[in-house]
Amino acid sequence: MKENEVNCGYVNIFEFDETAIQKLNCLVFQKPTEEWVDFVMQNRTQKGFEHSYDIVYGPVANDKVYAAFALYEGGLIDKQQLITELKTYKLVDQYLFHTDNALSLLTFIESKEVKL
């Protein structure tokens, strides 16, 4: 990188009316559960995995979470041990918008430049 070159990225900010999601087909995970583990594993292991949900809401499976999933996937811990382990993590929730209907709920607010 040249001395006067600045690396930057952009963050797009959206808002949406959470009450409108009641009209859509949503899958909601309030915390790590067996069903959540199964859903995450399907996404990780089944090539071309598809589902019919407009929006999926639940804990983010970040790098730390994926390390625990790797132990489960490798048979080193069982599903209940995985869930118990994940409950000790500070998990952050996310909304995943999977369909045009879900995306129509988003309203663009602004884009901000972020310097690295």
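**Note on helix packing and nonpolar cores**

1. Helix 2 and helix 3 pack with their axes 9 Å apart and at an angle of about 165°, where helices are DSSP runs (H or I, at least four residues) numbered from the N terminus, and where axes are lines fitted to C-alpha atoms over the stretch in contact, with angles running from 0 to 180 degrees between N-to-C directions. That angle makes helix 2 roughly antiparallel to helix 3, since angles over 145 degrees count as roughly antiparallel, those under 35 as roughly parallel, those from 65 to 115 as roughly perpendicular and the rest as oblique.

2. This is a predicted model, in which local features need pLDDT of at least 70 and side-chain atom pairs count only at pLDDT 80 or more, while totals for chains, interfaces and linings use all residues. Residues are numbered from 1 along each chain as its sequence is written, and side-chain values use heavy atoms, with hydrogens and water left out.

3. In the pairing of helix 2 with helix 3, Val-65, Ala-68, Phe-69 and Tyr-72 of helix 2 meet Lys-79, Leu-82, Glu-85 and Leu-86 of helix 3, contact meaning heavy atoms within 4.5 Å. By class, this contact has 6 nonpolar, no polar and 2 charged residues, where Ala, Val, Leu, Ile, Met, Phe, Trp, Tyr, Cys and Pro count as nonpolar, Asp, Glu, Lys and Arg as charged, and the others, Gly among them, as polar.

4. The axes of helix 1 and helix 2 come within 12 Å and cross at roughly 85°, which makes helix 1 roughly perpendicular to helix 2. On the helix 1 side the contact includes Trp-36, Val-37 and Arg-44, and on the helix 2 side it includes Val-65, Phe-69 and Glu-73.

5. Helix 1 and helix 3 have axes 10 Å apart and pack at an angle of about 100°, so that helix 1 is roughly perpendicular to helix 3 as well. The residues of this contact divide into 5 nonpolar, 1 polar and 3 charged.

6. The largest nonpolar core has 16 residues, among which Phe-29, Trp-36, Val-37, Val-65, Phe-69, Leu-82 and Leu-86 touch the most other members. A nonpolar core is a set of buried Ala, Val, Leu, Ile, Met, Phe, Trp, Tyr and Cys residues joined through side-chain atoms within 4.5 Å, and buried means under 20% relative accessible area (1.4 Å probe, protein chains only), with exposed over 50% and partly exposed in between.

7. Leaving aside neighbours within four places in sequence, Leu-82 is in contact with Val-37, Ala-68, Phe-69, Tyr-72 and Ile-77. A second, separate core of 6 residues includes Leu-24, Ile-55, Ala-102 and Leu-105.

How values were computed. Helix = DSSP H or I, 4+ residues; strand = E, 2+ residues; numbered from the N terminus.
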